[in-house]
Amino acid sequence: MKIAKKIINLSILAALMIIIAVSIVNAANITGQEIIDKAEDNMDYGNYQSQAQMTIHTTGGDKRELKMEIRGEGTEKSIMKYYEPARIEGVTFLFIKDDIWSFFPRTGRVRHLAASTKNQKMMGSSFSYDDFSSEAFEDYSVKLIGNEKMLGEECYKVEGQAKSDEAAYDGFTAWVTEGDFRLLKVNYFKAGEKIKVMTIETFMKVNGKLRPKKITMKDLNEDNQTVFEYIEIETGVNFRPNYFNKRNLERISKSQL
Amino acid sequence: MRDKLFNYLANTIIKKPKTILIITALVTIVLLLFSFNLNLELSWVGLAPKGDPSQTEFRKIVDNYPSASKMYVTVEDKGGDLESAAKIAAENLEKLQYVKRVDYRVNMDYLLDNGLLLYESDNLNNITDILKNPNLTGFITNLNDLYEKEYKGNSSGIEDDKQEMVRTLRGLDYFLQLADRSLTQNIKSEEMDKGVKRLLVGDPYLSSIKGDTLLMTVQPTFGALDYNKLKPGVGAIAEELKKIEKEYPGFKYGLTGMHVIARDEMESTTRDSTLAMIIGLILVLIILIAAFKMWLSPLLAAVPLIVGIIWDMGLTSIFIGRLNIFTVFTAAMLIGLGIDFSVHILSGFTEARSKDYSLEDSVHFTLEKVGPGILTGALTTAAAFFTLTISSLGFLVELGLIMGMGILSIMLAVFLILPALLFLRDGSKSSTVKKGNYPVIGKIAGWSRKWRYPVLAIVLLILIFSAWQGTMVDFYLSIKKIEPEGLESIKVMDDIADKFNMSNDAVLYTTDNLKKTYQLAEEIKDQPQVERVSAITEYLPPSDIQQQRLKNLTAVNQMLKRRPGYQKTDINNLITQLKRLENNLIEIGQLSYMSGIDEVVNVTDKITGLPGNPGILSNFISKLEAEKYQQQKLNDFVSSFYDSFSENSGKMEIKSELTVNDLPADIKSQFISADGSSYLNSVYAKGNLWDRIKKPFGSRFIHMLREKVPRVTGTPIFMRVLYDQVSKEVTEAVFLIAVTLLLLLFFHFRSFKEAFIAFLPLISALTVTMGLIKILNVNLDIFSVLAFPLIIGIGIDDGVHVIHRLNISDQDMQTVFSSVGRAILLTTLTTMASFGSLMIAQYQAIYRLGVTLFIGVAFCFIMTLIIIPALLTNKNKINESEEN
């Protein structure tokens, strides 16, 4: 009986050791591309609706808090409706790939805006449209360059180099947590200079997974920063077919949150 | 050799004291006369590194471009009539003898006549589109088409064009007010002409983001480096503005610019340095009187000090010719350093007299026993200062020379004058000689020796903590943290940066041909840190660009000739187009609000209003819809618009290339050098450059400009170059001074161990000082960092005197410290008093220098008292001490 117990214990121990060894080997073999892919997966909410706020600095030196409701389907379609401050309440944007439409309740007009380019600033913020894309790192060849502690967590340090001139930046360095592949910080480079720093310091649990809650983007060239924060987020939302359509903009703008 | 020298000096003083005094008096008079020729050059220019292109370029610009160094006047009016407030100020200021010209609006006629040639090809289509129809409804339709084509809700497009857009929208606002008034009043043709010009060229004023402040420039008849005229000139302009404010209580003006700041700096430094010198001298005398418990001797001690400073100023006048912002404080600093020599002589003399030595023996004792220590101390301190002359920074070289010469002059004056005065005074009148020892200092030294291991451990802990704190010290670079506190000119400068989102401290460079001027301006204005580039090519593009634009203008010129005739206004059509305009502007305003482009938001709000609070355009539309107008007046207005628009837009037809001769005088004087050979360009940073000068923003702005134009100049450049150079050179200077001193100490003591031990208290004091200036939130700047080489030069004396006395004395350590400790305590207190007096300065950098020196010198004494006894004892009593 005692021998049997010992054998069972030894088997459990051996199994554990094998699992740990396999994990270590796998961890050691992970590539920079895999790390950044997993980090990107973590940023993809699927079908979701959320409330968020963005704090920008105006040219007059004031801080301005803009609150918005965002709904998204996959990575290519989203709708953003401002609800605070009152003077822009109901202004709604529809993003489908690179195309943008807007609806202004004060004028009652739907406008097709100029198509956004990747490195164009998003609504005067320090973020570019590309920074908010869930495929933000697709234009880069990524490699793992080491492990480093960042914001108190053990992280993979990966480096990305632009594959072509189409990329928004020449390159980046990113820190991704070792355990659950959360992106914590990204330094963006252009012409050999660090031009932007994105940090994600707070996370919230969405469907059992930690997702970014507060994202800060510092623009070092303009000495400006924008803070984007999710107030709440709900995933797995079913939108009716053709919901993300310019014909719906007015209705969405007037609908209650 | 040294002993013989001091013996000879003592004999000469005893034999011919009065002759020595007469000779020194004559030398003093001659050098005093020389010192009257000293120039006070209290500007930042003199502080730039030797041979740095920014310095030569600045002088070239000041000499060749009268408009380069202009003053800025901010104009406000409680009643909102900024135009009148600016106009009245300009008219009054131009009457002053110190003012050459005042500018507060762009040259509308030139822009109207040649505007089409000044537009970049990309924008040319936009402006020509709105010229196609001179009828009011047609014009508004074309304007709507333009807005809908160009700003399809694209906030980036608005941000890129924001300056042009704000100017145009302000022009539109002015015109709409005129249109609104036309419904009930007759509009004169001149008024219509003004309104149409603003539609075509935009708002002619440089207005703040909120539109509540105008900026005007004053070109004085004197330069910013013309020190003699700064005070009366700037004073007269400031006085005139105050007079207008009194006459028109709603008006408010602010004055700033290089001249004004230079005037304020000059007044501040002169006041601060004089006050610091007087307070320092009084404090030093009080300390000496209290220490020696006699009146006359301390006063006598001050005589060679003052004489030495006069000699130094005379020599400075001969060899350097000027005092700069920093060296103007050398007299105050020399008091603290130079009085030490007198204190040592006085201490030696009173000590000798207390031992009942005769007068002659006392002179011999003083010079032969105390003299060598003073000589070594003075030579090491002077050597430390002279080491600064290898620096590439002009002001450090001057500081090194003036302080080095000052130390040697005072030392010589002390050796020659003080023993002679003491000898004469004691010979004529017997005095009560006080005790020359401070036993408490001896006791502390003895205690430190006894408990040396715990004492050294505690010192080590303090040093580690201080070093840790020291690593967090802030190094200020912004002139807001360096200049005198509370200066009105700096406040106005700050105000401009906040209100106009633009730094008025322009960075300047010159170019010698239009093509290069154009290329550089285009490259620089695309940089993210740049708000505006002011270059002559805004008014006179290079020939190839003009030719290219002229080709595109052929069709425009033809269009201008084929425009439709006057059409009777269809009111419904007009209302439709006005509503469309309102919608376009609402959308542009909302996009700008979401993007934080406040200047656009402010003007669109004014035109379209907000829900519940209609703007001028909404009111105009409402009146038309409600038919609250007289048809004839509206017809007259529309017809008058057609005439004026046809005439003024017709002027925009371009036939030939522009040349320099076509430029009006105001533009020429703004950009072209006096000899016509080169052009002046000004670059204005976005926002408040001084608040961000050390951040990547400031650093990239400066380095980007220096890379593109190596000779770029201006205060921000000087400060950044100074910062880069000072950061590099102070470390080198500290290292060089330390090595020089160590070598001198080695030659003096003939022992590495003693040289090193004499040096240890100094290193410890520097470390504690770094820690304390962080803890006290004093921090550092490009001036106060110089306290460190100074502390080395000054603080080394304490250790030198102690070890020197330990070596020659046969008394136990406690007694030696009681005796020499008194002298070094007094010298420390006097030095602290004189440097401490710098703390009264309004000049923040000088205040910081005072605090740093005060702490540094105090800790040199404290560390000497604690560390040296713990590590060393007097050779002659070594066995006895060890046994004890």
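In chain B, the mean positions of the 89 positive and 94 negative charges lie 6 Å apart, where Lys and Arg count as positive and Asp and Glu as negative, with His and the chain ends not counted, and where each charge is placed at NZ of Lys, CZ of Arg, CG of Asp or CD of Glu. This is a predicted model, in which local features need pLDDT of at least 70 and side-chain atom pairs count only at pLDDT 80 or more, while totals for chains, interfaces and linings use all residues. Residues are numbered from 1 along each chain as its sequence is written, chains are lettered from A and ligands numbered from 1 in the order in which they are written, and side-chain values use heavy atoms, with hydrogens and water left out.

**Chain B as a whole**

The C-alpha atoms of chain B fill a box of roughly 120 × 55 × 50 Å along the principal axes, and the chain holds 34 helices and 13 strands, taken as DSSP runs numbered from the N terminus (helices H or I, at least four residues; strands E, at least two). Of its 884 residues, 61% count as buried, meaning under 20% relative accessible area, whereas exposed means over 50% and partly exposed lies in between (1.4 Å probe, protein chains only). Among contacts (heavy atoms within 4.5 Å) between residues of chain B at least 6 apart in sequence, 82% join residues at least 24 apart.

| Domain of chain B | Residues |
|---|---|
| domain 1 | 1-36 + 293-436 |
| domain 2 | 130-204 + 568-637 |
| domain 3 | 437-476 + 733-884 |

Taken over C-alpha atoms, the centres of domain 2 and domain 3 of chain B are separated by 74 Å.

**Two residues of chain B**

T128(B) belongs to helix α6, residues 121-129, and is buried, with a relative accessible area of 8%. Leaving aside residues up to four places away in sequence, T128(B) touches L116(B), V556(B) and M559(B). G80(B), in contrast, counts as exposed at 55% relative accessibility, and sits in the loop between β2 (71-77) and α4 (82-93). Although G80(B) and F251(B) are 171 residues apart in sequence, their C-alpha atoms are 9.2 Å apart in space.

**The contact with chain A**

Chain A contributes 32 residues to the contact and chain B contributes 40 residues. Together the two chains bury about 3,300 Å², 47% of it on carbon and sulfur atoms, buried area being the accessible area (1.4 Å probe) that two parts lose on being put together, summed over both. T59(A), R87(A) and R106(A) supply 25% of the area that chain A buries against chain B, more than any other three residues.

Notes. Domains from an automatic or database assignment.
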